[in-house]
Amino acid sequence: MNITKKITTITSCAILLFCSCETEKKEQTITSTYVKESHSYAQPNASVIKHLSLDIDVDFDTETISGKATYNIDNNSANELILDTKFLEIDSVKANGKTTQFSLGDFDKQLGSPLKIVIKENTKTVTVYYNTTDKTEALQWLNPQQTLDKTHPFLFTQGQAILTRTWIPIQDSPQIRITYDAKVKVPKELMAVMSAENPKEKTADGNYTFTMKQPISPYLMALAVGDIAYKAVSERTGVYAEKSMLDKAHAEFSDMENMVAAAENLYGDYDWEQFDVIVLPPSFPFGGMENPRLTFATPTIIAGDKSLTSLIAHELAHSWSGNLVTNATWNDFWLNEGFTVYFEIRIMEALYGKERANMIALISRQDLEEEIESFEDNPEATHLKLDLKGKNPDDGMNSIAYDKGYLFLRTLEETVGRSTFDVFLKDYFKTHAFSTITTEQFITYLNKNLLEPNNIKFNTEDWIYQPRIPSNQAIITSDKFENTENALQEFLSNDTINVSLTEGWTTLEWVHFIRNFPETITTKDLARLDNAFNLTNTTNSHIAMVWFEQTINHDYHGNHVDQKIEEFLIRVGRRWYVSTLFRAFKNNDKIKEALEIYKKARPNYHSVTANTIDDLLNYKSIE
Ligand code: BES
Ligand code: ZN
């Protein structure tokens, strides 16, 4: 250490010693600036929330959450605090414990209404008394019939991207970071869990308290309430599920601890202490959602053979890419998802080897190809960096962020060499821990810390700001997938199907096999394959989804597959699956069939899925 450096260190230590914490904190706030986020009304450079205390009552009879939210704020001499709200009823607001004025601004279909609260320079806390309404988009209230055990109701929330504001008034931008505590009252037969430190058993009176001491972005606020129980996998990992699912889920996720250990080994300590998964009822609109400390997951990944658990690796990876280092705006969404797919595949490789990792990577590569094709008329949508101003951020949440993001990082890895890349990534997570990053800040960081020191020229800007896939992309191959392609050829060119060729195939191989059916495949061949492999009756929901897509595309109706598709679409609300199948109906001029099923299925869907399918099928809900 040189002398000047030493002196400044000593002086700043001295300042630290003599300053009160408050002053130190204030100084930090004033220097921090937030970049413009077009999907939030908040003005965090003026006044920003730092901690939230939630005190709410969950009422299943009226399907409302009501109570109060108290915020500790850092006020940069502002006379107004602006929170995002959507479809909330605001009763009253207090500042420093005294009633204060507030107003709700104009309503926007995407963003909701800004809640403008009058504050003073010395305002430290603000309390909002509010309740949710039947229009809330984050919450799905399920009746007992919609659960697995069918005896108790269930509630879960989905915050990402901009839905937290429909159940909590909040500065709903990913750049905001808050710690929180919560008091949640639920019916005493049910347990409540959050993206926080969680109970492992029910309480006698239905009162639960939570603390989340690591600061998180508001889209990661989450709550689930149901007749659930907990089973530990290791000291710091475990599963929550309804009773009849608990043991199955526990067995399926038995590698969770190994996943966390593998992830830590790659990119540094797991900073959230606990990593649990809750298996939700099948209407959950996503495969998984990386709510901190408690991933929310669809039951469709419980295949009985651990074959779909890369989803757990994915949500776990978000504990670094996304939850620790967060996209600053939804235009930078690829920084969350592209890094996470890359990290997911590295975890899978560490646990199960290169072959399985490369199969996942190849499926991602094919998804990318299909997505790029679907954006033929809109090539800008294939850029990594997006411009979603005025649009629903959901519009940018497609395979491009995931799969082009992944391919970009894999290409970088192969260009600089794995060990160099790993050191870079580990530093990246450490340097940006508990903060947010824009694409442009990432590019600067990449140049300075990876490309320039190693004297490497790389076409980063092409990958990020140009459409489609640059020509220096990494080439991914898989012998196992080649085998499935050869087997398919053989089945289609012979009269008898040699079933033994499929021995030992895993879900990924079946998925690849089915997705590769030629456009010209006949219904006769589909029937032969169905009869040989019982595809229509598979209990693996992923195989079912790709198979059903083919039967719709090729007008195959054997083995009561139409009935199976209808049952599937009514039971499962996972948006990716559901939209794949409704899109197949639509693309094959089968809108009438689609609408008939959709009418029955829609009441079971979360708003996220229903909105997507409403748009896809041009469905106007009958109100
Ligand atoms: N964070 C996403 C889910 C999400 C994305 C919710 C955008 C809302 C808006 C989650 O991590 C995810 O990517 N889920 C995937 C899993 C998959 C890629 C393994 C899913 O749900 O299918
Ligand atoms: Zn993800």
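## The loop at His560

His560 sits in the loop that runs between helix α15 (541–553) and helix α16 (561–571); helices (H or I, at least four residues) and strands (E, at least two) are DSSP runs, numbered from the N terminus. His560 has a relative accessibility of 60%, which is why this residue counts as exposed. On the scale used here, buried means under 20% relative accessible area, exposed over 50%, and partly exposed in between (1.4 Å probe, protein chains only). The backbone of His560 deserves a look too: its phi is positive, about 55°, although the residue is not a glycine.

A word on what you are viewing: this is a predicted model, in which local features need pLDDT of at least 70 and side-chain atom pairs count only at pLDDT 80 or more, while totals for chains, interfaces and linings use all residues. Residues are numbered from 1 along each chain as its sequence is written, chains are lettered from A and ligands numbered from 1 in the order in which they are written, and side-chain values use heavy atoms, with hydrogens and water left out.

## Other backbone features

Ser77 also has a positive phi, about 60°, without being a glycine. You will find Ser77 in the loop that joins β2 (64–75) to β3 (80–85).

Another feature to look up is the peptide bond between Gln160 and Ala161, which is cis, with omega about 0°. Ala161 belongs to the loop between β10 (154–157) and β11 (178–185).

## Around ligand 1

The shell around ligand 1 has 16 residues, and Gln160, Gly287, Glu290, Glu315 and Tyr402 come nearest; a residue is near a molecule or strand if one of its heavy atoms lies within 4 Å of it. By type, the shell divides into six nonpolar, six polar and four charged residues. Here Ala, Val, Leu, Ile, Met, Phe, Trp, Tyr, Cys and Pro count as nonpolar, Asp, Glu, Lys and Arg as charged, and the others, Gly among them, as polar. At least two shell residues come from each of β18 (288–289), α5 (310–317) and α6 (333–352), and α5 gives the largest share, three residues. Both domain 2 (47–310) and domain 3 (320–465) contribute to the shell, so ligand 1 lies between them; these bounds come from an automatic or database domain assignment.

Which side chains make polar contacts with ligand 1? An N or O atom in the side chain of Gln160 is 2.7 Å from a nitrogen atom of ligand 1. In the side chain of Tyr402, an N or O atom is 2.7 Å from an oxygen atom of the ligand. Arg574 has a polar side-chain atom 3.3 Å from an oxygen atom of ligand 1. Taken alone, ligand 1 exposes 530 Å², and the protein buries 89% of that. A polar contact is a pair of N or O atoms within 3.5 Å; within protein, one must be able to donate a hydrogen and the other to accept it, and residues adjacent in sequence count only if both atoms are side-chain atoms. Accessible areas come from the Shrake-Rupley method with a 1.4 Å probe; for residues, only the protein chains shown count as cover.

Met194 is part of strand β12 (residues 191–194). Its relative accessibility is 0%, so Met194 counts as buried. Beyond its neighbours within four places in sequence, Met194 is in contact with residues including Leu54, Trp167, Tyr180, Phe210 and Leu294; contact means heavy atoms within 4.5 Å. The C-alpha atoms of Met194 and Asn291 are 8.3 Å apart, although 97 residues separate the two along the chain.

Is Phe253 buried or exposed? At 2% relative accessibility, Phe253 counts as buried, and its place is in the loop between α3 (243–252) and α4 (256–267). Not counting residues up to four places away in sequence, Phe253 touches Val233, Val239, Val277, Val279, Ile301, Ile302, Thr309 and Ile312. Between the C-alpha atoms of Phe253 and Val233, which are 20 residues apart along the chain, there are 7.8 Å.

## Buried residues in helices

Ala262 lies in helix α4 and is buried, with a relative accessible area of 11%. With neighbours within four places in sequence left aside, Ala262 contacts Ile347, Ala350 and Leu351.

Asn358, in helix α7 (residues 354–374), is buried at a relative accessible area of 17%. Apart from neighbours within four places in sequence, Asn358 is in contact with Arg410, Ile476 and Thr477. Thr411 is in helix α8 (residues 399–416) and counts as buried at 2% relative accessibility. Leaving out residues up to four places away in sequence, Thr411 touches Phe458, Trp463, Asn472, Gln473 and Ala474.
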